[in-house]
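Please look over the sequence and the 3D structure shown below before reading on. The report that follows describes selected parts.

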Amino acid sequence: MISLLLFVMVVFLGYANGANDNFKGVASIYGSKTASYRVSLIWATATTALGSAFSFILANGLLQQFSGKRIVPENLAGAEHFLLAVAVGAAATVGIATLVGFPISTTHGLTGAILGAGFVAVGGQVNIAALQTSFVMPLLLSPFLAVIVAAGIYSIAHFYRLRTGITSETCVCIGNEYVPITVGGSSLAFRSDEPNLTVAVDSTMNCIDRYEGNLLGISFQKLIDRGHFLSAGTVSFARGLNDTPKIAALLLAAQTANLKFGWVLIGGAMAVGGWLNARKVAEKMSNEIMTMNAGQAFSANAGTGMLVILASVFGFPVSTTHVSVGSLFGVGLVTGKANPGVVISIVLAWVITLPCAALLAGIAYWAAGEF
């Protein structure tokens, strides 16, 4: 019975991870109007699935990290009721965040769940030192590093773009504006039924910010659009590479599934979750952190993809969410378009993630022992 429940909860965790994380790689191509929501979703799902497949070869270090063996005693790390509690704590936390539209870290959720269930199970035997060096430090440092790397990439790219004479286009925005009806010098609190046609010269978020000029005889806008699209796919690939082994570790530690089957199952659940339930997180990631053009978004993606792939290959448990938001914010700081209020709300959600997952996993472990 516990084996079946563990199997179901781990699959659900994969589904929740996909719903919360699937759009993080392609948020910039949707937010910068490089691609529609549907095209962005297809690209995210396909490249994440590819990353999940390659993680079988490239990211086994993360499989060992999230088996829990360095944090709790080995006999507990392989116990089904402990792994069930971890899966419940992480899955419930990520699922709730997805329902309210907050992009949080599955890595944070799993870390908190291992910690919470471990404290209930063995108390002081939890290896806090290993937790700090192997989990906490990479999770804390990665978003700050992402801010620096992405801001640096954008600053260098922006400098050389200006040196080549490529400029931003000025566009004309045409649309309808509803004007309040004025009677006797007082403006009424309702709109007129007839809209006024307005025309404005603009180059901000009201228009699509595009580049004007050629590089090596080719339209720079076309080049950056293609590079941006590929960079978004790279981030989604990195996410699949980074997240799949972390979740599959729960099944494999309990030996409820063989290695290949567990990998395929989690990758499939992530793809389905991302396809069906990514919209709320997509809108927040794409349109609320900062306004961006294709060049700015390309810089953010380049920083995210590079950091997450390196972390996955070397077995560092970073969060794609942390790195992605950090990269977007880093570019936003340079351009002056960052929305600190939204970023602060996301950071607060991150802070809550770990204790929430720990509490839920601790309750689940206690309940498993009672029944």
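## The model

The structure is a predicted model. The values below are computed from that model.

## Helix 6 and its end

Helix 6 runs over residues 80–100 and has 21 residues.

## Helix 12 and its end

Helix 12 also has 21 residues. From its first C-alpha to its last, helix 12 reaches 30 Å, close to the 30 Å expected at 1.5 Å a residue.

After helix 12 comes Gly315, with a positive phi near 80 degrees.

## Helix 12 against helix 13

How do helix 12 and helix 13 cross, and at what angle? Their axes come within 9 Å and cross at roughly 145 degrees. The crossing of helix 12 past helix 13 is right-handed.

On the side of helix 12, the contact is made by Gln296, Ser299, Ala300, Gly303, Thr304, Leu307 and Val308. On the side of helix 13, Thr320, Val323, Ser324, Ser327, Leu328, Val331 and Thr335 take part. By class, the residues of this contact are six nonpolar, eight polar and no charged.

## The cavity

The structure has one cavity of 30 Å³ or more. The largest cavity holds about 30 Å³ of space. Which residues line the largest cavity? They are Lys24, Ala27, Ser28, Ala300, Asn301, Thr304, Ser324 and Leu328. Three of these lining residues are nonpolar, four are polar and one is charged.

Helix 2 (27–31), helix 12 (294–314) and helix 13 (320–335) each supply at least two residues of this lining. Helix 12 gives the most, with three residues. Ala300 and Thr304 of helix 12 also belong to the contact with helix 13, and both line the largest cavity.

Key
Residues numbered from 1 in each chain as written. Predicted model: local features only at pLDDT ≥ 70, side-chain atom pairs only at ≥ 80, totals over all residues. Heavy atoms only, no water. Helix = DSSP H or I, 4+ residues; strand = E, 2+ residues; numbered from the N terminus. Expected span 1.5 Å × (residues − 1). 1 Å grid on protein atoms, 1.4 Å probe; cavity = no way out; pocket = protein on both sides within 12 Å on 5 of 7 lines; lining within 4 Å. Points joined across faces, edges and corners; volume = space filled by probe spheres on them. Nonpolar A, V, L, I, M, F, W, Y, C, P; charged D, E, K, R; others polar. Axes fitted to C-alpha atoms, helices over the stretch in contact; angles between N-to-C directions. Left-handed = near helix turned anticlockwise from the far one by under 90°. Contact = heavy atoms within 4.5 Å.
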